[in-house]
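This report concerns a single protein chain.

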Amino acid sequence: MTTTEPAARFGKHRKIMPFLPGTAGPDEIELTRFSRSKAASLNQHLLGYGALAESEWAAAGLPAPDLPAMRQRRLARIRSELARRDLAGILLYDPLNIRYAADHTNMQLWTAHDASRYLFVATNGPVVLFEFQNCFHLSDHTGIVDEVRPARSWIYMFAAERIDDAIGPWAAEIADLVQTHGGGNRRIAVDHLDAEGVAGLTAAGLQIHNGESVMELARVIKGPDELKCMRRAIHACEQAMHEMESAMRPGMSENDLWALLHKGNIIRGGEWIETRLLASGPRTNPWFQECSARVIEDGDIVSFDTDLIGPYGYCCDISRTWLAGDGQPTNEQRDLYQLAAEQVAHNMTLLKPGVTLHELSHSCLLAPPDCLPNRYGVLMHGVGLCDEYPSVFHPQELTPETFDAVLEPGMVICVESYIGRLGGHEGVKLEEQVLITETGYEKMSNYPLDARLGG
């Protein structure tokens with residue numbers, strides 16, 4: 001009887017070898033270490049975004065960010081905000097907050113609605129990740145996470161009617177971290193947590209405070225490397241938009257066209273799109289119709305909002321309206337487009353450090369009276385890893401309780417316009433992404449307006 005060597009049994013035309021011979025012994029611990037190291041070395045974020053995206057960024061003169069420096073700066077901003085509020089730490093469940101704090105991902109959309117992983121950031125102490133089963137390798141490349149532990153998920157899918165039984169050990173582990181690293185401070189922040197979790201932490205002796213405000217204020221000022229990430233994400237999105245516009249033809253469906261933005265984002269290493277806001281013809285008025293199987297007709301206007309989470313996890317949130325077909329627009333289409341373009345252009349000029357949100361509300365150019373009932377929800381809003389704080393509301397929506405704040409350098413603001421007459425046939429959506437600088441503003445989005453419509 002002959003012995004077949006592993007390399008012969010698992011050659012390139014046969015099954016993949018279960019592990020490389022000589023790299024790990026039969027001991028389970030060693031196999032686990034080897035498996036984790038191998039997986040960590042192949043992390044998507046460590047491998048980068050591919051030749052297409054890198055070549056496009058190089059051609060556009062967009063330098064790479066210093067990711068280790070960016071990670072340390074973001075973590076420092078969180079800890080500074082925690083210290084300012086005299087909090088011992090923060091418990092994060094929102095995947096985007098975890099991304100900001102520790103710059104890694106794991107099933108972002110699924111964990112957004114199935115709370116199965118979480119992160120504890122001590123104000124003066126370690127960053128401890130509680131990770132989903134067998135996913136411990138996903139944060140190894142960041143240099144941020146000090147310890148990884150198995151997550152204790154008590155969602156109904158895993159705990160059913162035993163949620164109360166599962167809460168106790170989970171809360172005790174968090175309380176132990178606070179006791180060990182909090183210096184006697186029992187006050188912590190939490191971003192998103194069900195009532196049972198709040199009750200469990202309270203029963204464990206912790207005082208719970210609003211973590212969403214901590215994270216929004218930490219995230220609001222972008223550092224130089226964050227802006228490099230965002231510029232690259234915007235460029236990738238706009239390259240995908242060029243592919244969309246080149247392919248747009250009467251006879252294709254809205255879904256056909258929208259899929260091209262998804263494809264262009266994914267092949268450049270982007271992550272997902274938050275909404276389905278693309279509509280054509282009569283579906284553009286009122287706004288917020290989700291993308292459909294409707295066939296785009298010759299002469300339709302097609303309006304869309306990217307809401308795209310691109311490379312590095314940064315958002316490109318811009319809107320454009322195009323004319324389908326090879327003909328010329330109607331006078332009504334030109335009028336709507338001109339109103340939207342003028343509104344965005346004027347309102348961008350108001351952006352500068354030191355101006356308040358309320359001042360912007362009262363000085364912004366508004367939609368004309370017959371379009372005002374269909375107005376967009378805000379005039380402006382912040383953007384980073386997604387749509388973020390702050391928001392600028394229409395003046396008629398301000399109340400004594402409406403918050404106010406001052407624009408600062410490093411904020412990134414999206415300037416919105418939707419122009420569609422009440423009861424009208426079509427509507428135009430435009431939006432630009434703008435950086436607040438030391439002296440004014442810089443428009444970060446560069447995609448041209450539609451020349452036939454009057455851009």
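Where is the place of Asp86? Asp86 lies in the loop between helix 5 and strand 1 (89–92). As with everything that follows, this is read from a predicted model.

## Backbone geometry

Most residues other than glycine have a negative phi, and most peptide bonds are trans. Against that background, Asp86 stands out with a positive phi, near 55°, in a residue other than glycine.

The bond from Asn285 to Pro286 is cis, with omega near 0°, and Pro286 belongs to the loop between strand 8 (278–280) and strand 9 (301–305). The bond from Tyr389 to Pro390 is also cis, with omega near 5°; Pro390, however, is placed in strand 14 (residues 387–392).

## Packing of helix 5

Two packed helices are described by the angle between their axes and the distance between the axes. For helix 5 (residues 67–84) and helix 12 (residues 224–247), the axes come within 8 Å and cross at roughly 120°. An angle of 65 to 115 degrees would count as roughly perpendicular; helix 5 and helix 12 are therefore oblique to each other. Their crossing is left-handed. On the side of helix 5, the residues that meet helix 12 are Leu67, Ala69, Met70, Arg73 and Arg74. Their partners in helix 12 are Asp225, Glu226 and Cys229. By class, this contact holds four nonpolar and four charged residues, with no polar ones.

Helix 5 also packs with helix 6, at an angle of about 115° and with the axes 7 Å apart. The two helices are therefore roughly perpendicular to each other. Helix 5 contributes Arg73, Arg74, Leu75, Arg77 and Ile78 to this contact, while helix 6 contributes Arg99, Tyr100 and Ala101. The contact of helix 5 with helix 6 comprises four nonpolar, no polar and four charged residues.

## Packing of helix 4 with helix 12

Helix 12 is also in contact with helix 4 (residues 50–59). The axes of helix 4 and helix 12 come within 10 Å and cross at roughly 105°, and the pair is therefore roughly perpendicular. Glu54, Glu56 and Trp57 of helix 4 make the contact with Arg232, His235, Ala236 and Gln239 of helix 12. These residues divide into two nonpolar, two polar and three charged.

## The largest pocket

Rolling a probe the size of a water molecule over the atoms shows where empty space is left. The largest pocket holds about 320 Å³ of space. Its lining consists of 18 residues, and those nearest its centre are Thr111, Ala112, His113, Ala115 and His192.

Which elements give two or more residues to the lining of the largest pocket? They are helix 6 (95–102) and helix 7 (108–113). Helix 7 supplies the largest share, five residues. By class, the lining has 10 nonpolar, four polar and four charged residues.

The largest cavity has a volume of about 60 Å³. It is lined by His45, Tyr49, Leu67, Arg71, Arg99, Asp103 and Tyr312. Three of these lining residues are nonpolar, one is polar and three are charged.

Gln343, Ala367, Arg375, Tyr376, Val378, Leu379, His394, Glu416, Ser417 and Tyr418 form its lining. Strand 15 (residues 412–419) provides the largest share, three residues. The class composition of the lining of the second largest cavity is five nonpolar, three polar and two charged residues.

Key. Residues are numbered from 1 along each chain as its sequence is written. This is a predicted model: local features need pLDDT of at least 70, side-chain atom pairs count only at pLDDT 80 or more; totals for chains, interfaces and linings use all residues. Side-chain values use heavy atoms; hydrogens and water are left out. Axes are lines fitted to C-alpha atoms, for helices over the stretch in contact, and angles run from 0 to 180 degrees between N-to-C directions. Helices (H or I, at least four residues) and strands (E, at least two) are DSSP runs, numbered from the N terminus. Angles under 35 degrees count as roughly parallel, over 145 as roughly antiparallel, 65 to 115 as roughly perpendicular and the rest as oblique. A crossing is left-handed if the near helix is turned anticlockwise from the far one by less than a right angle, and right-handed if clockwise. Contact means heavy atoms within 4.5 Å. Ala, Val, Leu, Ile, Met, Phe, Trp, Tyr, Cys and Pro count as nonpolar, Asp, Glu, Lys and Arg as charged, and the others, Gly among them, as polar. On a 1 Å grid over the protein atoms alone, a cavity is a set of points where a 1.4 Å probe fits but cannot get out, and a pocket is an open set with protein on both sides within 12 Å along at least five of seven lines; lining residues have an atom within 4 Å of a point. Grid points are joined across faces, edges and corners, and a volume is the space filled by probe spheres set on the points.
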